[in-house]
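Here is a short note for someone opening this entry for the first time. Please keep the view open while reading.

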Amino acid sequence: MSTETARGGWGSGDTSYDLFLKKEDVPVARGLWVENVLDMALGPWKRKGGRGAYINLDGSGVNTSYIAIDSYVVEIPPGGSLHPQQYLYDELLFVLKGNGATAVWTAETKKQTFEWQEGSLFTIPLNAAHQIFNGDGNEPALLLGFTFAPTMINLLHNEEFIFNNPFAFTDRYSGEADYFQGPAKVLGKDWLDTNFIRDVRTFAMGEPTPNNRSDSRDEPALVYIEMGCNTMSAHIMGFPVGTYAKAHRHEPGAHILILSGHGYSLHWVENEEPVRIDWQPGSLFAPPEQWFHQHFNTGPSPAKYIAFKPRSRKFRTKGKFMNNVSRKLGGTMIEYEDENPAIRAQYERECARNGVQVNMRPVEAD
Ligand SMILES: [Fe+2]
């Protein structure tokens, strides 16, 4: 415990968001990661309806930064719906299980409804009223949401303003009929703007494209996704069999959800022993603030994850972001030739154990 915290000074005690969370009165998962978001303990959720749980990971920023993303799982009963909602924070939603529909409206626009299925990703336009329905009469639907609630609630500390505010962000949404159906707008190479993806697990990412986060023979595919003019964005990344990414570090808030494949990630504070997380589809983790982290595919099939981040390339903010520049040049990334040799050795052992051939270029000594 820091001296400041021990004295009850800055940074100690409950934040406005902490107090909000207590009133929500659903289970809260904390720590470095959630092994499988499909298997979480859920409780009745009075405000939203259905059952749910919050996720406040160590790397979410909730306990370390003004800028933080929380997440939650909500279950909609068979044939049921959640209560109508409206709030003043960015939100991205991923469908873990089931199918259904979401209705969206504002004081100035008619209600429009779009359907989703397992694997769908969509956003709710900022401060638009909405209601989520389960389209299956026999099975519950399960959604995973990512929001800027901690940031907004802590800065404004007025829930009436956040949850009962009539302001319409017409610069973001004014009832466009194709808002959830139109083709993705290409903003740049590997960079799309869209408000709905039918299934991110099978989303066409195109041919694997060069990027400097991996040096494997088969480069991982990577696509950046902007949604709803949010300050939060996502990216989908694929790892071919027998490959791993370079280590890097950055600000908190980036959450990684494993979509397919098996492997592990190492997280560490500089000059300390790494913490290992073994992942599978459904695993969710968030590297803590400025901890190095590195992802390894050790399974017999390609791995894919989707990351949710508190930053956008379209609407710029400044911070200690990752920059794909080698540490030797003052950046945030560790080149393969500069990493601890034990990292490559461990990876080769893990692949051998799984009967997987390593597909990385040999590390060349200087
Ligand atoms: Fe990262």
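The points below cover the metal site, the strands and the cavities.

1. Basis. This is a predicted model, in which local features need pLDDT of at least 70 and side-chain atom pairs count only at pLDDT 80 or more, while totals for chains, interfaces and linings use all residues. Residues are numbered from 1 along each chain as its sequence is written, and side-chain values use heavy atoms, with hydrogens and water left out.

2. Metal site. His 248, His 250 and His 293 coordinate the iron ion, each through NE2, at 2.1 to 2.2 Å. Donors are N, O and S atoms within 2.8 Å of the metal (3.2 Å for Na, K and Ca); water is not among the atoms, so sites may look incomplete. The donor spacing in sequence is H-x1-H-x42-H. His 250 sits in the loop between strand S17 (247-248) and strand S18 (255-260), and His 293 in strand S22 (residues 292-297), so this pair ties together parts 43 residues apart in sequence. Strands (E, at least two residues) are DSSP runs, numbered from the N terminus.

3. His 250 counts as buried, at 3% relative accessibility. His 293 is buried too, at 1%. Buried means under 20% relative accessible area (1.4 Å probe, protein chains only).

4. Open sheet. Eight strands form it, in the order S2-S21-S18-S23-S16-S15-S13-S12, with mixed pairing. Two strands pair if DSSP finds at least two bridges between them. The edges are strand S2 (33-34) and strand S12 (185-188), each pairing on one side only. S2 runs antiparallel to strand S21 (residues 284-285), with two bridges. Trp 33 stands opposite Phe 285.

5. Strand S7. Six of the seven residues of S7 (residues 100-106) are buried. S7 pairs antiparallel with strand S8 (residues 109-116) over six bridges, and a hairpin of two residues joins them. Six bridges also link S7 to strand S10 (residues 129-134), again antiparallel. There, Thr 102 has Ile 132 as its bridge partner.

6. What is the volume of the largest cavity? About 80 Å³, taken as the space filled by probe spheres set on grid points joined across faces, edges and corners. A cavity is a set of points on a 1 Å grid over the protein atoms alone where a 1.4 Å probe fits but cannot get out; lining residues have an atom within 4 Å of a point. Among the lining residues closest to its centre are His 248 and His 250. S23 gives the largest share of this lining, three residues. The second largest cavity has about 40 Å³, and S10 gives the most to its lining, with three residues.

Methods:
Helix = DSSP H or I, 4+ residues; strand = E, 2+ residues; numbered from the N terminus. Buried < 20%, exposed > 50% of the residue type's maximum accessible area, 1.4 Å probe, protein only. 1 Å grid on protein atoms, 1.4 Å probe; cavity = no way out; pocket = protein on both sides within 12 Å on 5 of 7 lines; lining within 4 Å.
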